[in-house]
Amino acid sequence: MSRPAARKVAPKGEYIETVRNLHLDQHPKPQDSNISKTLPFLTTFSLLLVTSPIVQPPFLIPFQDSGNKVSRRSAITGTANITLGGRTVIMADVQLRGDLHPTRSAPSQSGKDVTPTSISIGRCTVISTGSVVKPPSRISRGVVHYYPMKIGDNVFVGPNSTIQAISISSHVHIGANVVVGPFAIIKENVKILPRAVVPANMVIASGSVVGGQPARVVGEVGEGWGVSGGGGLGVGAGWGEDKWVEGGDLRELVRSIR
Amino acid sequence: MAQSFPYTYYACDCFDSNTTTSTKRASQVVAAAAATEDEEQTFDPQNPRSNYALYPLEHLLYCEDCQQIRCPRCVLEETLNWYCPSCLFEVPSSVVKSDGNRCTRNCFNCPICISPLVVNLLENADADQGTPDRHILICPYCHWSTLETGVEFEKHTGVYAQLARIANGGKHIPTSKERDKERERRKELEARQRDSKNPLSPSSETAAVETEAREPPSRDDLFSNLAAFYKSQLEAQTPANPFSPGEMNFSSPSAYSRIMNLYSTNTAKKQKRVKPTPMREAASELEGLVIYDPASDSAAIERIKRDGWNSTLSPTQKLAQTNPHLQFADELRPIPTLLCTKRSKRCRSCRHILSKPESKITSTRYKIKLLALNHIPRLSIRALPPTNPPIPSIPGGSTASQPQPFNYNTLRSGIPTHFLLHLSNPLFDPIRVTLATSSTTPGKVQSRVTILCPQFDVGANTDVWDDALSSSPAPMARRSTINAETGQIEAGKIWDKGRNWTSVAIEVVPGFLADLKNVSGEEDGLDEDDDLLEIPIFVRLEFEADVHAEERGLSDSRGSKAERESREQAFWTVVGAGRIAGR
Amino acid sequence: MSTRPNPPQKRTSLLPKPKLLTLDPTVLIAQHAHLSGNNPITIGARTVLHPHCRILSGNAAVVVGAGCVIFERARVGMGVGGMGDKQGTDTVLGKNVVVETNGVVEGGEVGDGTVVGVGGVVGRGCVVGRYCTIAASEILPPYTRIPDFTVVYGGGQQRVDRTLEMRPELVESKMGLHEKQLDMFQRLVPNQVAKWM
């Protein structure tokens, strides 16, 4: 495949590590660049998944500093339009729809081809298993436009959530099975409870806790949101001990994911 | 909200301790005496009052002067500023006073489902012929729109002001000036009619003319009528007020004292009692009197017959409206978004500021933030798997990849289960910890609890780098507490230890849900959440600290000079270990 | 709604290409879209199947009308097994139906212009009218009947979208916008329909 620079060997690993601040793929050929296609046995994997969820074998590769971790079993389209900030984790079965990119300038100036960014994700952000990240689209004056979406640093997206927000700021914790509607704006230090449905165009002010269907503000995060408390919870606290808190620095969590 | 296990809540004793109130009333003293008797009693997490005492650690503040935890109930809040959570614009307090705590820009919530409404442009087929664009507010979630109540807007900005002029159905809402004029006009008319017809017949004829000509006055009309009436009454009452002749209103101090005079029958101000003559009450519609009309009720009933329940409103929808007396869906108005506040918090007893955010709306930083989690140890609980594999945990969604994740929702009755209590110390001094709990949990389902090592030390918090640098020497003897022969966990020894944390094992024998049903004899003796395994744990800390804790940052470097004093801290916590599986 | 006896089945999901597949030449099938099952699948003109969506005719036939959009990980129809019943219910999507991400239509009829929101589930044998909206994460239990212009929202509440009902021109413009959306997908999503022809 066309991305030798973007990957650091380790063909057996669950996660492909990319160099920091690098586009996943520098060659805009979205139809060829689905990662799962690079390994033939993984294609059968995805077929099997149709009938039964597979317990994933714990392939482990050692952590390398400053790399994003992208699961081989994630489904990423339009990789050229996606930027990952570094130390960001894309887990298995995550879909990133980079192919739905802004097209505003493209038809007029086909001469110089600037790859538009459709999804940009910050540092130490974790997109959990089964989530879908899809840029929002809107029809203005009769023309369909996809808008680039931005996800900040230290954002946790819970499993099986669907994100179509236009912007998610840093230190946001999104629970499992959450739906964030198109053009929602989520500010810093927000917690979204599991199974919430954030309606389209909703703005969630910083420090809010939202939940429900449709989501409404149900509370405020405490002053201690994201503060792990005096110098961390203890480095090397051993197994089973969370070394991260919701809304806090996710570096330790990212490190623990292999 | 379903809290995921395991969790830890900290109890703030602000209700029981009277430190927050300087003046004790007799009842409180009695209560305090009772409390001291209760001192030995275990904190009961199922007590209704506990709902108001338990908080997650992140929500607690710490007063360094009182050296106590401060929960949302024992702080004083001061509003720094108001802002709209939707457009994030700051609203000056003067505007909040005059216009209420609602956004007066374009932010509205759906009257049906509370989602934020969006301004949409209606497709304009005749745009070429110069017909102006029309806009509506529409809910992206439940698809309610102002078209359902017949409201359209000319511009997509200043919707609040536009909406204030358009009634449902597209009619014009008179401004207060127009109302005043109209009222004057009608008053004159009435007066003239009275003059001309008074000697002859009673006013049945004029009344008929009145009612057929106009529909019942709106709530706003009535309010303005009533307000005008009271204003004129007040003016008549105090004609010679030298300070503010025209500015008399209800909130003025003289109005207040007048009302106080009305209600305080005896005592004081005997000379003033003569002054207020009783005020007349509103007597006509123009003065704001509403007379109950049974016809409106029968009309409503007819309407429900015709349109069904779907045309009526739920209590929540009614209460969200500015006018809570609406009955039908076509009377709904978009709800202007309620404002939010940024608040600083003070300790209730010593008035020191505990938290103060930066006043800028967009800033999420704090000028002052005294967090409990920087002062009291974080206690967490985790299941101890039966075997002892060194598996790195993968938190979050990827638990499926863990070989056998512990299911906290199905604890088995009667089977001893081991948990780990993990205490990490945020203080820069080593602490000595004593944990205590009752042998059985309070509540209907009694589970047996044994803390295998109730007394232990936790190291001081140091810079993370110290730990990273000094980690090369072999870590302390870990997991030494399992007896090699029996596989039992030894009592009296800690489980594991690190730089500023220690973990100890705790054995829990979950109680039986089934027994209880038989004993109580009721159809089901269990309430909701009675199957929760919540363990109250009393934590007591002893440590030596610099006398002036708040200047620790300075004195730390030259610690030898600083005076040391021994301190003690104690509080209840409740750890939620899981849910006992039913049959 | 006809149910037909199923032929004896193998694990059809492992066979990527169903035998009885009727595709309009203007259909857009993205890479990794998944169609399988032994019963007939019919897909109408200009319909868009996004990557990792699934059209399953294991139990009964699936008819997807013209101009539909089936988003990522949505599922239309029923595969084999799971429900344990031998006879499935046909799935019929009308014109311009949108099944959003993770949406499920499990047999039954869905009328023209209806939108099944993100994670919405239309249970087996439901009959959903035209221009309805099933909001995100709403679940319609099996054999529910939903009249035209209904919005299902907020944990199973229903209301009539009177805005659309009263204004036919709004329905028209909504469908016009939908057409534009379809054109956009034709531009952005690479078509792998040749693989299925």
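1. How many bridges join S12(B) to strand S13 of chain B? Three do, and the two strands run antiparallel, with S13 covering residues 366-369. One place to look is Pro357(B), whose bridge partner in S13(B) is Tyr366(B). Please keep in mind as you read on that this is a predicted model.

2. Staying in chain B, have a look at the other pairing of S12(B). Strand S11 (residues 340-347) is joined to strand S12 (residues 353-357) by two bridges, and this pair is antiparallel too. Lys345(B) is the residue that stands opposite Ser355(B) in S12(B). S11(B) and S12(B) form a hairpin with five residues between the strands, and in that hairpin Arg351(B) has a positive phi near 65°.

3. Now for chain C, which has an open sheet of six strands. Reading across, the order is S3-S6-S9-S12-S15-S18, and the pairing is parallel. Which strands stand at the edges? They are S3 (34-36) and S18 (139-140) of chain C; each has a single partner strand, so one side of each is left without a neighbour in the sheet.

4. S18(C) pairs with strand S15 (residues 121-122) of chain C through two bridges, in the parallel sense. Within this pair, Val122(C) is found opposite Leu140(C) of S18(C).

5. Chain C also meets chain A: 28 residues of chain C are in contact with 24 residues of chain A. On the chain C side, helix H2 (residues 168-188) gives the largest share, six residues. That side of chain C is made up of 10 nonpolar, 13 polar and five charged residues.

6. Last, a residue in chain A. Ile185(A) lies in strand S18 of chain A, which spans residues 185-186. Is Ile185(A) buried or partly exposed? Ile185(A) is partly exposed, because 18 other C-beta atoms lie within 10 Å, whereas a buried residue would need 20 or more. Leaving aside residues up to four places away in sequence, Ile185(A) touches Ala165(A), Ile166(A), Ser167(A), Val203(A) and Ile204(A). For a sense of distance, Gly142(A) is 43 residues from Ile185(A) in sequence, and their C-alpha atoms are 24 Å apart in space.

Methods:
Residues numbered from 1 in each chain as written. Chains lettered and ligands numbered in written order. Predicted model: local features only at pLDDT ≥ 70, side-chain atom pairs only at ≥ 80, totals over all residues. Helix = DSSP H or I, 4+ residues; strand = E, 2+ residues; numbered from the N terminus. Buried ≥ 20, exposed ≤ 12 C-beta atoms within 10 Å, placed from the backbone. Contact = placed C-beta atoms within 7 Å. Nonpolar A, V, L, I, M, F, W, Y, C, P; charged D, E, K, R; others polar. Pairing = 2+ DSSP bridges.
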